[in-house]
Amino acid sequence: METTARAVAFYLPQYFPIPENDEWWGPGFTEWTNVARARRLFPGHQQPILPGELGFYDLRVPETRQAQSDLAREYGIEAFAYWHYWFGHGRRILERPFREVLHSGEPNISFCLAWANQTWSGVWHGARDRILLEQLYPGREDDQAHFDTILPAFRDDRYLRVGDRPVFYVFRPEDLPDAAEFVDRWQGMARAAGLPGLYLVGEMSNAMGLPTYTSGPADGFDATVYMRLPAAQDAHSRFRMRAMRKILGGPEVYPYSDSAVVGTVTGPDIQPVVYPNWDNTPRSRRGGLVLTGATPDKFRRNVEDAVDLLAGRVHDERLLWIKSWNEWAEGNHLEPDLAHGRAWLEALRDGLSR
């Protein structure tokens, strides 16, 4: 399928049981646990949102990963950005699905790695102060071990590249002890390994669009991504919503905006992100945030605006990040659901074909 932008969808691997989640949240916990127990919290609230044709899958199953790849490619997604967890000293988690993708050579959809360099706490599950896994930065030797571990992925023919350089995404560049040193070190390791360097992308804002990292170009990142939920709000609506929330309880609620990309923070090295929807009450319950009124048509309009934003750039760098392929407990997914079937995917395809 010919597209005008290179669609890259974030991919959450937390759909199979692991010993850590068994210990923290109970035997058999996966992201589906949160999805299945979601409930309506206010009139008109659309929960639970349940999966459609792919069902409550298990990512240890190769046929599931192949079905995801087939669907994604059919609707114009070029690559999955697998969330990748490296907490320092070789500590990893949830790596099995990607490891099997890499070793098996299947599925054939392109991919890149997105380093989720963040301490895991219980914040998603109402236990904000509970530290589960701390993100550490032990230094040069650990960086080398980290790089060596993922080097086979960088060398894989399926790996997403810009100008022949593998794309590597950093979730919280502002948390790196020295971001410029990180860039120099990782580019040096890449060249020493025979690669032409890496194409480093860092996230520059939080979900509400507030800047968290503004020195990406100066530090040497090739691009940054401006994240902002498509929430129709202003300072007054935010104040009113938070006041009502304090008095009445319940999640923050805002209308979905189909003009979120218009007027966004932009620049030649800033790449856009689009969201089909957002509702993280399956994880955070009454502490969550809900966008109401999201539809595939509104999502398509945001995709079209993002495609327009990228139109003047070199094709290789027209990366359009999509949050997400399968973040079901945050209410942002492209995978078919019972309410809309494949309509989110159809909207993406139509927006990319503009």
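The model is predicted: local features need pLDDT of at least 70, side-chain atom pairs count only at pLDDT 80 or more, and totals for chains, interfaces and linings use all residues. Residues are numbered from 1 along each chain as its sequence is written, and side-chain values use heavy atoms, with hydrogens and water left out.

**Core**

- The largest nonpolar core has 105 residues. A nonpolar core is a set of buried Ala, Val, Leu, Ile, Met, Phe, Trp, Tyr and Cys residues joined through side-chain atoms within 4.5 Å. Buried means under 20% relative accessible area, exposed over 50%, and partly exposed in between, with a 1.4 Å probe and protein chains only.
- Phe168, Trp321 and Trp325 touch the most other members of that core.
- Contact means heavy atoms within 4.5 Å. Not counting residues up to four places away in sequence, Trp321 touches Val8, Phe10, Ala81, Cys112, Val167, Tyr169, Val201, Val225, Gln271, Pro272, Val273 and Val274.

**Helix α10**

- Helices (H or I, at least four residues) and strands (E, at least two) are DSSP runs, numbered from the N terminus.
- α10 has 15 residues and spans 21 Å from its first C-alpha to its last, close to the expected 21 Å at 1.5 Å a residue. The expected span is 1.5 Å times one less than the number of residues.
- Its buried residues are Pro296, Phe299, Arg300, Asn302, Val303, Glu304, Ala306, Val307 and Leu310.
- β12 (273-274), β14 and α11 (343-352) are among the elements that cover them.

- Arg318 sits in the loop between α10 (296-310) and β14 (319-322). Arg318 counts as buried because its relative accessibility is 18%.
- Arg318 touches Thr4, Ala5, Arg6, Leu310, Ala311 and Arg313, not counting residues up to four places away in sequence.
- Asp316 is also found in the loop between α10 and β14. Asp316 has a relative accessible area of 28%, so it is partly exposed.
- Asp316 and Arg6 are 310 residues apart in sequence, yet 7.8 Å apart in space, C-alpha to C-alpha.
- Leaving aside neighbours within four places in sequence, Asp316 is in contact with Arg6, Arg161, Val162 and Gly163.

**Second largest pocket**

- On a 1 Å grid over the protein atoms alone, a pocket is an open set of points where a 1.4 Å probe fits, with protein on both sides within 12 Å along at least five of seven lines; lining residues have an atom within 4 Å of a point.
- The second largest pocket has a volume of about 360 Å³. Volume here is the space filled by probe spheres set on the grid points, which are joined across faces, edges and corners.
- Of its 20 lining residues, Gln46, Ile49, Asn277, Ala339 and His340 are the closest to the centre.
- Strand β13 (residues 289-292) gives the largest share of the lining, three residues.
- The lining divides into 10 nonpolar, eight polar and two charged residues. Ala, Val, Leu, Ile, Met, Phe, Trp, Tyr, Cys and Pro count as nonpolar, Asp, Glu, Lys and Arg as charged, and the others, Gly among them, as polar.

**Backbone spots**

- The peptide bond from Glu106 to Pro107 is cis, with omega near 0 degrees. Pro107 lies in the loop between α4 (96-104) and β3 (110-115).
- The bond from Lys323 to Ser324 is a cis peptide bond, with omega near 15 degrees.
- Leu94, a residue other than glycine, has a positive phi near 60 degrees. Leu94 counts as buried because its relative accessibility is 4%.
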